[in-house]
Amino acid sequence: MEVERKANECLALSWQDAHGVIIDTADDQWIYRGITDQAIDTLKHVETNVGFEKLSEIGVVRSERADNGAAPSIPGFAAMVRHHRVRRILYPQEWTMEMWREALASFCELNVRLRENGLTLTDAQPHNIVFDADGKPVFIDFGSLKVIKGKGRLRYNWHREFKDNFLLPVALHNAGFHDIAQQAKREPFESTFRKTYRWSCVGLLTCWVDVLWLAAKLFNSPRFYFNTIKSVFTRFRGKEITRWTDYKIIKGEWKAAALEETLASPGIASVLDVAGNKGAHILEASKRGFTAIITDIDEASLEMARAEAQRQNLPLFVGKLDLTAPTPEWGKGLLMPGSFQRLRSDLVMALAVSHHMVYRAKMPFRTFATILDRYSKRYIFTEYVDLKDFYVKDWVGKRGFPPSHYSEAEFVNAFSALGYKVRRRWNDEAGARAIFLFEKTPAAAN
């Protein structure tokens with residue numbers, strides 16, 4: 001009864017299309033999908049001619065029929081399917097461009113393989129793909145599957161959606177327009193930005209794809225269409241280099257000891273490393289079996305973190321995110337949660353970053369603490385860099401006097417005002433840096 005009640009609540013909050021609706025119950029392993037009469041032919045085709053196992057092998061989320069006592073019993077659906085739960089921690093606008101290319105390549109391959117099995121997709125946008133903890137893209141929209149009828153030529157509206165949503169950011173980035181590419185990743189399909197670009201010189205970057213679509217339609221060769229796009233758009237492997245790419249992280253036994261002690265704290269299951277650079281700290285959390293998430297503004301550094309995690313076979317969620325500009329809620333009704341909700345973790349790490357926020361972003365300690373607090377469920381592991389530190393001393397010499405609030409006392413007070421207490425403090429040998437482990441008091445947590 002509880003499952004049915006929860007499912008009906010989800011139905012009331014869901015947009016239902018002609019194929020069905022997602023029913024997100026309290027089940028930790030599965031998400032349910034109600035299939036309508038209009039989509040039952042697709043389900044039968046999958047079961048009879050393809051098989052759920054093969055569907056999973058070609059990139060669709062692992063699924064199975066769920067018409068049994070464990071599934072929600074809701075009238076109005078012809079069948080019930082359940083999908084393995086893949087956590088949507090990061091959105092496409094937070095992928096690195098290399099992740100975007102990997103998602104594009106997998107999407108092209110998926111379309112080719114589906115068509116070989118008599119299926120096509122009704123949607124052509126990146127939000128139907130999720131990167132799992134192993135860093136692999138997974139297509140999650142089972143409801144977008146449709147049986148091919150007739151010649152199955154690519155529709156122009158589908159092609160335009162694919163071009164504007166999936167191909168535009170890659171084309172812009174490959175052409176060197178990195179900032180505009182980042183904006184294109186964030187904009188919805190029918191935004192003013194996308195409508196404007198179609199009639200500007202930027203549109204020339206993808207206009208040749210229209211010719212490719214026309215050729216594929218005339219010769220009825222979707223395989224040629226997808227293989228060409230995959231070859232052209234994913235061939236480029238240049239990285240956007242910033243001043244943080246070669247940033248040298250100051251290491252030391254004291255910092256390693258502080259991290260090891262912190263990760264042994266009680267009640268930690270998830271860890272978020274903001275401004276984590278190349279992932280030296282977050283990989284230690286992953287090794288201990290925690291849900292590990294790293295964000296940074298530098299894509300090249302994040303790709304190094306991804307590569308090292310894959311080399312060590314460690315699960316890691318990676319996202320490009322500016323600490324000063326969290327991803328807001330978005331979508332219809334703003335029901336798609338922002339980064340504060342999705343990335344919220346038991347422990348938030350922010351090392352060697354507070355002094356950059358104060359000097360470069362002109363951010364007071366209280367704002368820095370508030371941002372970290374919104375990501376944290378319980379602990380914050382962060383670093384104070386004193387005026388005696390070599391780098392800060394150099395900045396003071398070049399830029400004049402430091403902000404009046406720049407002191408260790410003000411740093412601690414910024415977190416204390418939010419309901420945190422100092423659980424532990426570590427010093428470097430020179431006394432120029434201090435790492436704090438703050439813990440949220442029960443009153444603040446509630």
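This briefing covers the cavities, salt bridges, surface and backbone of one structure. The model is predicted. A search of the whole structure finds four cavities of 30 Å³ or more. The structure also holds 23 salt bridges.

**Cavities**

- Rolling a probe the size of a water molecule over the atoms shows where empty space is left.
- The largest cavity holds about 130 Å³ of space.
- Its lining is made of 16 residues. Asp132, Gly135, Leu316, Phe317 and Val318 lie nearest the centre of the largest cavity.
- Strand S6 (129-131), helix H12 (299-311) and strand S11 (317-320) are the elements that give two or more residues to this lining.
- Which element gives the most to the lining of the largest cavity? H12 does, with three residues.
- By type, the lining of the largest cavity has 11 nonpolar, two polar and three charged residues.

- Side chains of opposite charge can pair when their charged atoms come close.
- Glu116 and Arg223 meet through their side chains in a salt bridge, at 2.3 Å from N to O. The pair links distant parts of the chain. Glu116 is in helix H4 and Arg223 is in helix H9, 107 residues apart.
- Both ends of that bridge have an accessibility value. Glu116 is partly exposed, at 45% relative accessibility. Arg223 is partly exposed too, at 44%.
- Glu299 and Lys320 form another salt bridge, at 3.3 Å from N to O. Glu299 lies in helix H12 and Lys320 in strand S11, so the pair ties together parts 21 residues apart in sequence.
- Are Glu299 and Lys320 buried or exposed? Both are buried.
- Arg378 forms a salt bridge with Glu439, and their closest N and O atoms are 3.0 Å apart. Arg378 sits in strand S13 (residues 376-385) and Glu439 in strand S15 (residues 433-440), so this pair ties together parts 61 residues apart in sequence.
- Arg378 counts as partly exposed, at 29% relative accessibility. Glu439 is buried, at 8%.
- Lys255, Glu383, Asp389 and Arg433 belong to one network, joined by salt bridges that share partners.

**A nonpolar surface patch**

- Leu214, Leu218 and Phe219 make a nonpolar surface patch of about 370 Å².
- Where does Phe219 lie? Its place is the loop between helix H8 (207-218) and helix H9 (222-233).
- Why does Phe219 count as exposed? Its relative accessibility is 67%, and exposed means over 50%.

**Positive phi in loops**

- Ala275 has a phi near 50°, a positive value in a residue other than glycine. Ala275 is in the loop between strand S9 (270-274) and helix H11 (282-287). With a relative accessible area of 28%, Ala275 is partly exposed.
- Asn313 has a phi near 60°, again positive in a residue other than glycine. Asn313 is in the loop between H12 and S11. With a relative accessible area of 66%, Asn313 is exposed.

- Leu104 is part of helix H4 (residues 97-116). Its relative accessible area is 0%, so Leu104 is buried.
- How many residues separate Leu104 and Ile229 in sequence? They are 125 residues apart in sequence, and 8.9 Å apart in space from C-alpha to C-alpha.

Note on methods
Residues are numbered from 1 along each chain as its sequence is written. This is a predicted model: local features need pLDDT of at least 70, side-chain atom pairs count only at pLDDT 80 or more; totals for chains, interfaces and linings use all residues. Side-chain values use heavy atoms; hydrogens and water are left out. On a 1 Å grid over the protein atoms alone, a cavity is a set of points where a 1.4 Å probe fits but cannot get out, and a pocket is an open set with protein on both sides within 12 Å along at least five of seven lines; lining residues have an atom within 4 Å of a point. Grid points are joined across faces, edges and corners, and a volume is the space filled by probe spheres set on the points. Helices (H or I, at least four residues) and strands (E, at least two) are DSSP runs, numbered from the N terminus. Ala, Val, Leu, Ile, Met, Phe, Trp, Tyr, Cys and Pro count as nonpolar, Asp, Glu, Lys and Arg as charged, and the others, Gly among them, as polar. Patches are made of residues with over 30% relative accessible area and no salt bridge: like charges are joined within 9 Å, nonpolar side chains (Val, Leu, Ile, Met, Phe, Trp, Tyr) within 5 Å. Accessible areas come from the Shrake-Rupley method with a 1.4 Å probe; for residues, only the protein chains shown count as cover. A salt bridge is a side-chain nitrogen of Lys or Arg within 4 Å of a carboxyl oxygen of Asp or Glu. Buried means under 20% relative accessible area, exposed over 50%, partly exposed in between (1.4 Å probe, protein chains only).
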